[in-house]
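Have the viewer open while you read.

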Amino acid sequence: MRGMPFKTKMAACATSFAAVAAVMATAGSADAAEYTVMDNCDVPWINCSYGDLWLFYNSKDIAVQGGYYKSAFTTFYGNVSDHWGTSQYQGSSLSTYRYVFGNGGNGNGQYMKNNAASVQNCASAGGVHGLL
């Protein structure tokens with residue numbers, strides 16, 4: 001472009017800009033999805049067994065009344081490194097799973113992170129390590 005007249009340079013730049021804009025307009029966006037789950041067994045790439053730790057939205061005396069759960073809860077099976085959620089890149093897509101309280105009651109649908117008021121260890125053997 002060094003020896004070209006100014007009008008020719010401008011036309012070449014406009015053509016290049018139009019080509020880039022056309023490519024950008026037709027490029028597909030990455031498929032991203034966010035799911036809310038009540039336990040980490042609902043996350044496909046986490047292998048778990050059932051029955052370790054329950055976190056409640058309310059304190060224990062409010063959460064369980066007359067043998068019934070009055071508070072929303074979420075359950076974790078095995079160690080959890082991030083209570084906000086978990087993500088994984090799958091090719092060009094990103095799936096994010098956010099842990100929320102469920103099963104009705106107070107706090108239903110609220111994010112679990114920083115909202116748990118009580119915990120119940122339901123592990124059949126020993127304690128649960130690395131969860132809190």
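Which residues make up the largest nonpolar core? They are Val37, Val43, Leu53, Leu55, Ala72, Phe76, Val80, Tyr97, Tyr99, Phe101 and Met112, 11 residues in all.

Before digging in, note that this is a predicted model: local features need pLDDT of at least 70, side-chain atom pairs count only at pLDDT 80 or more, and totals for chains, interfaces and linings use all residues. Residues are numbered from 1 along each chain as its sequence is written, and side-chain values use heavy atoms, with hydrogens and water left out.

**The core**
- A nonpolar core here is a set of buried Ala, Val, Leu, Ile, Met, Phe, Trp, Tyr and Cys residues joined through side-chain atoms within 4.5 Å; buried means under 20% relative accessible area, exposed over 50%, and partly exposed in between (1.4 Å probe, protein chains only).
- Two or more core residues come from each of β2 (53–56) and β7 (93–99); strands are DSSP E runs of at least two residues, numbered from the N terminus.
- In soluble globular proteins, nonpolar side chains tend to be buried together.

**The mixed sheet**
- Three strands line up as β1-β7-β6 in an open sheet with mixed pairing; two strands pair if DSSP finds at least two bridges between them.
- β1 (32–37) and β6 (85–90) are the edge strands, each pairing on one side only.
- The twist averages 15° from one strand to the next, using lines fitted to C-alpha atoms as axes, with angles from 0 to 180 degrees between N-to-C directions.
- β1 and β7 run parallel and are joined by six bridges.
- Val37 sits opposite Tyr99 in β7. Leaving out residues up to four places away in sequence, Val37 touches Asp42, Val43, Tyr97, Arg98, Tyr99 and Val100, where contact means heavy atoms within 4.5 Å.

**The antiparallel sheet**
- The other open sheet described here also has three strands, in the order β5-β2-β8, with antiparallel pairing.
- Its edges are β5 (73–76) and β8 (118–121), each pairing on one side only.
- β2 and β8 pair over four bridges, and Leu55 has Val119 in β8 as its bridge partner.

**Positive phi**
- Most residues other than glycine have a negative phi.
- Asn103 has a positive phi of about 70°; this residue is in the loop between β7 and β8 and is partly exposed at 49% relative accessible area.
- Asn114 has a positive phi of about 65°, is found in the loop between β7 and β8, and counts as exposed at 73% relative accessibility.
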